Amino acid sequence: MAGEPQDDCLFCKIVAGQIPATIVRETDTTVAFRDINPQAPTHVLVIPKAHYRDAAALAEGAPQLAADVLCEAGAVAADEKLDSYRIVFNTGSGAGQTVWHTHAHVLGGRGLEWPPG
């Protein structure tokens with residue numbers, strides 16, 4: 001069920017403290033941690049603590065929580081002293097989503113070409 005922790009979800013396990021992560025920020029509703037396979041000098045994931053499958057489900061089911069994730073992405077960029085950065089939500093396997101718990105990638109610290117891969 002949307003919003004409820006899922007036993008088989010990697011990110012739900014990070015939220016619960018069952019799997020370690022390098023956490024850089026945490027609020028009542030979000031957790032931000034370093035990606036284990038960084039694609040830029042700064043690559044931090046910002047996730048809602050509540051489980052939503054993807055960005056579309058989060059936006060529909062909990063718009064304020066979606067706003068919290070975006071606000072935290074901006075706070076991560078400020079903490080990391082990024083003057084330019086990209087926030088990416090991959091939605092669906094065709095877009096590269098591999099963990100089915102919505103997450104924003106905060107990428108920066110190098111030039112980011114457009115269009116992306």
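I began with the lining of the largest pocket: α1 (10-15), β2 (30-34), β3 (42-48), β4 (85-88) and β5 (104-108) each supply at least two residues. I take helices (H or I, at least four residues) and strands (E, at least two) as DSSP runs, numbered from the N terminus. This is a predicted model: local features need pLDDT of at least 70, side-chain atom pairs count only at pLDDT 80 or more, and totals for chains, interfaces and linings use all residues. Residues are numbered from 1 along each chain as its sequence is written, and side-chain values use heavy atoms, with hydrogens and water left out.

Which element gives the most to this lining? It is α1, with 3 residues. I noted a volume of about 700 Å³ for the largest pocket. Its lining has 30 residues, and D35, Q39, H43, N90 and H105 are the closest to the centre. A pocket here is an open set of points on a 1 Å grid over the protein atoms alone, where a 1.4 Å probe fits, with protein on both sides within 12 Å along at least five of seven lines; lining residues have an atom within 4 Å of a point. Grid points are joined across faces, edges and corners, and the volume is the space filled by probe spheres set on the points. By class, I found 15 nonpolar, 10 polar and 5 charged lining residues. Asp, Glu, Lys and Arg count as charged; Ala, Val, Leu, Ile, Met, Phe, Trp, Tyr, Cys and Pro as nonpolar; the others, Gly among them, as polar.

Next, the sheet. It is open, has 5 strands in the order β1-β2-β3-β5-β4, and pairs antiparallel. Strands pair if DSSP finds at least two bridges between them. I counted 4 bridges for β4 and β5. R86 stands opposite L107 in β5.

Then I23, in strand β1 (residues 23-26). Beyond its neighbours within four places in sequence, I23 is in contact (heavy atoms within 4.5 Å) with V31, A32 and F33.

K81, in the loop between α3 (63-79) and β4, has phi near 60 degrees. K81 is exposed, at 73%. The W114 to P115 peptide bond is cis. Most residues other than glycine have a negative phi, and most peptide bonds are trans.

Methods:
Buried means under 20% relative accessible area, exposed over 50%, partly exposed in between (1.4 Å probe, protein chains only).
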